[in-house]
Amino acid sequence: MIKKIPITLFLFLGVFYTLKGQQDSLNTKRLKTVIALETVGYTAGMTGMYALWYKDVPSSSFHTFNDNAEWNQMDKIGHGMTSYYVGKLGHDVLKWSGVSRKKSIWYGGTLGLFFLTSVEVFDGYSSAWGFSWGDVGVNTAGSLFFISQQLAWDEQRILLKYSFHKSKYANMRPDLLGENLLQNTLKDYNGQTYWMSANIASFLGDNTKFPKWLNFAVGYGANGMVGAFDNSFDPTITRQRQYYLSLDIDLTRIKTKSKFFNTVLGAFGFIKFPMPTIEFNQGGKTKFYGIYF
């Protein structure tokens, strides 16, 4: 479970997406600043996680844990999305420092994988969890999803996005799914949807008149989950997967004359914009939403 990575992290990352002033040559001062901030941030993050999540949990010898069947893989997609966005941040700050294109992509793009692998090592020595090869796999996929697009197009034409609505199951198991709305956004996978949002105009060439801010999105979610692996808590509840088709707005491609508003738009660029949506689910039903969160 991606229990340790708050979704608000993406708001912090989004502030950096509006960095301007890329250097034509290496700016040593900027690079030293980036390295120092990343080192301090990494150290503080690992120390904070240990204090919050591991300090009071008995340690064990290093071991692995197969959690691939948990939460209908919703937590796995969350891992991949986190790795993707931390990698994007790593790339952007290295590019801002004047590091060469390929080094910015490869070194920066793997920042999320490095960070999340450290978390897995902590898990491996904790009796409550374990090192998950499934998590490592999706963390790697998230980094490579960013790296491959940047190498091919020098931009991210397909974004990973997140949306949330409060589910009816949250109040049934607040200890597991969250005791308030903020915790629900992290823990209640029934209310989360993960998206791949493709910018159509970027595939049509520079002369296209197609709106540059309009995307087409496909989403994945799951519902009826009142336990990680099964519903032994209440066997009458049916677990099912859901698939979505929708339009989306790419906030990062909306440019205003205000640097402040551009920063705000960039900060929320990871959120899927509420739009009309079609749902297909395992129950064989098709649902239409005028607006889907």
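Start by selecting Lys76, His79, Gly80, Ser83, Tyr84, Gly87, Lys88 and His91 in helix 3; they meet a set of residues in helix 6, among them Gly134, Val138, Phe145 and Gln150. Contact here means heavy atoms within 4.5 Å, and helices (H or I, at least four residues) and strands (E, at least two) are DSSP runs numbered from the N terminus. Before going on: this is a predicted model, where local features need pLDDT of at least 70 and side-chain atom pairs count only at pLDDT 80 or more, while totals for chains, interfaces and linings use all residues. Residues are numbered from 1 along each chain as its sequence is written, and side-chain values use heavy atoms, leaving out hydrogens and water.

Now show residues 133–153, which are helix 6; its axis and that of helix 3 come within 7 Å and cross at roughly 40°. The axes are lines fitted to C-alpha atoms over the stretch in contact, with angles from 0 to 180 degrees between N-to-C directions.

Next, color all of helix 3, residues 74–96: its 23 residues reach 33 Å from first C-alpha to last, close to the 33 Å expected at 1.5 Å a residue. The expected span is 1.5 Å times one less than the number of residues. Of those 23 residues, 20 are buried, so helix 3 is largely enclosed by the rest of the structure; buried means under 20% relative accessible area with a 1.4 Å probe, protein chains only. Click on Gly98, which follows helix 3 and has a positive phi, near 90°.

Last stop: select residues 240–249, strand 4, which pairs antiparallel with strand 3 (residues 214–223) over 10 bridges. Pairing takes at least two DSSP bridges. Gly221 has Gln242 of strand 4 as its bridge partner.

Terms used. Buried < 20%, exposed > 50% of the residue type's maximum accessible area, 1.4 Å probe, protein only.
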